[in-house]
Amino acid sequence: QRVRLALVEELLTGGQALVRGAPQEEGEVVRFGQTLSTLRSTDWGACFNVRTKPDPAKVAGQGAKKDLAYTPKPIGFHTDNPYRFPTPDFQ
C-alpha cells in the first residue's frame with residue numbers, strides 16, 4: 001500500500017512514474033491501470049500500444065488517419081483525446 005501511495009503521489013506531482021518489475025503479460029497494463037483509476041475505451045480500444053509505424057490505411061490507398069502514431073516522428077508527453085468528457089485521467 002505504501003508503494004502504491006508513492007506511485008500515485010509521483011503521478012499527481014510529477015506527472016509521470018517509472019514502474020519496474022511489472023509482469024509482461026497480455027492485459028497487464030489494463031489490469032494495473034484499473035487499480036489506479038477508471039479506464040475508458042477510445043476509438044482504439046481499452047489499450048493502445050503506442051508505436052510509430054506506417055499508417056496501414058494510407059499504405060492501402062484508403063486515406064491517412066492523420067494521427068501522430070502513424071508517422072515516423074517521435075511522440076513526446078501529451079494527453080490523448082483532451083476534447084472528450086470526461087477527459088482522460090492517467091495515460
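**Entry 1: Glu-28**

I began with Glu-28 and asked: is this residue buried or exposed? Glu-28 counts as buried because its relative accessibility is 18%; buried means under 20% relative accessible area, exposed means over 50%, and partly exposed is in between (1.4 Å probe, protein chains only). I then placed Glu-28 in helix 2. For helices I used DSSP runs of H or I with at least four residues, and for strands runs of E with at least two, numbered from the N terminus.

Before going on, I noted that this is a predicted model, where local features need pLDDT of at least 70 and side-chain atom pairs count only at pLDDT 80 or more, while totals for chains, interfaces and linings use all residues. Residues are numbered from 1 along each chain as its sequence is written, and side-chain values use heavy atoms, with hydrogens and water left out.

**Entry 2: its partner**

Which residue forms a salt bridge with Glu-28? I found Arg-31, with the closest N and O atoms 3.2 Å apart. A salt bridge here is a side-chain nitrogen of Lys or Arg within 4 Å of a carboxyl oxygen of Asp or Glu. Both residues sit in helix 2, three residues apart, which is about one turn of the helix. Arg-31 counts as partly exposed, because its relative accessibility is 39%. I searched the whole structure and got one salt bridge.

**Entry 3: a surface patch**

Next I looked up a nonpolar patch on the surface, formed by Trp-44, Phe-48 and Val-50. Together they have about 260 Å² of accessible area, from the Shrake-Rupley method with a 1.4 Å probe, where for residues only the protein chains shown count as cover. Patch members need over 30% relative accessible area and no salt bridge; nonpolar side chains (Val, Leu, Ile, Met, Phe, Trp, Tyr) are joined within 5 Å, like charges within 9 Å. Trp-44 is in the loop between helix 2 (28-34) and helix 3 (56-59). At 34% relative accessibility, Trp-44 counts as partly exposed.

**Entry 4: the whole chain**

I stepped back and listed three helices and zero strands. Of the 91 residues in the chain, 10% are buried. The chain exposes about 7900 Å², and carbon and sulfur atoms supply 55% of that.

**Entry 5: confidence**

Last, I checked pLDDT, the predictor's confidence in each residue from 0 to 100. The chain averages 79, and 79% of the residues score at least 70. Where is confidence lowest? I found it in helix 3, at a mean of 69, whereas helix 1 (residues 2-14) is highest at 91.
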